Amino acid sequence: MTECDVFIIGGGPAGSIAAGKLVQEGYHVEVVEKVKFPRFVIGESLLPECNKLLEDANMLDKVIEADFQFKGGVAFQNDADEIRVVDFKQNLGQKWGSSFQVRREVARRHFLPHERR
Ligand SMILES: Cc1cc2nc3c(=O)[nH]c(=O)nc-3n(C[C@H](O)[C@H](O)[C@H](O)COP(=O)(O)OP(=O)(O)OC[C@H]3O[C@@H](n4cnc5c(N)ncnc54)[C@H](O)[C@@H]3O)c2cc1C
């Protein structure tokens with residue numbers, strides 16, 4: 001049996017960010033994940049505020065290095081075919097004015113090169 005300070009069930013965004021932050025605080029963390037990675041999963045379109053979470057967990061540099069598609073805003077089209085563009089730079093004062101379109105099925109290899117099998 002492996003001993004640890006914190007045992008996290010699920011290596012999705014919540015489990016990964018929690019684990020990253022706890023490890024930085026000096027805790028011995030074990031994460032278990034029932035699905036074999038890498039795998040496709042929906043939820044790839046990040047908002048600028050996600051950058052803050054990634055930065056707090058010291059993961060933002062890796063995401064930038066991974067060279068995912070830059071995402072500076074979004075466009076909505078209504079049923080009258082009008083298109084409204086939302087520019088992330090025109091936000092409510094948050095630090096980040098852009099984000100990324102992350103392919104989650106490839107993201108893991110940038111973070112955990114020594115995946116345990
Ligand atoms: C259709 C859809 C579209 C979405 N689009 C977006 C988007 O574009 N942008 C965005 O930011 N968010 C999006 N989301 C939301 C985003 O997917 C979630 O907010 C995010 O995945 C939540 O992360 P999580 O770590 O809490 O959960 P999850 O991502 O669900 O991760 C939980 C992990 O736990 C694992 N697990 C579960 N049970 C066990 C167990 N018993 N033992 C071991 N492991 C286990 C699962 O395999 C999974 O990997 C979308 C969600 C849906 C449903």
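## Contacts and burial

Among contacts in the protein with a separation of 6 or more, 62% join residues 24 or more positions apart; a contact puts two C-beta atoms, placed from the backbone, within 7 Å. The model is predicted: local features need pLDDT of at least 70, side-chain atom pairs count only at pLDDT 80 or more, and totals for chains, interfaces and linings use all residues. Numbering starts from 1 along each chain as its sequence is written.

Of the 117 residues in the protein, 9% are buried. Buried means 20 or more other C-beta atoms within 10 Å of the residue's own, with C-beta atoms placed from the backbone.

## Elements

The protein has four helices and six strands. Their order from the N terminus is β-α-β-α-α-β-β-β-β-α. Helices (H or I, at least four residues) and strands (E, at least two) are DSSP runs, numbered from the N terminus.

## Helix α1 and the ligand

Helix α1 covers residues 13–24 and gives three residues to the shell around the ligand, the most of any element. Just after α1, Gly26 has a positive phi of about 95°.

Strands β4 and β5 pair antiparallel over five bridges; pairing requires at least two DSSP bridges. Val74 stands opposite Val86 in β5. Five residues separate the two strands of this hairpin, and Asp81 in the turn has a positive phi of about 65°.

Definitions and conventions:
Buried ≥ 20, exposed ≤ 12 C-beta atoms within 10 Å, placed from the backbone.
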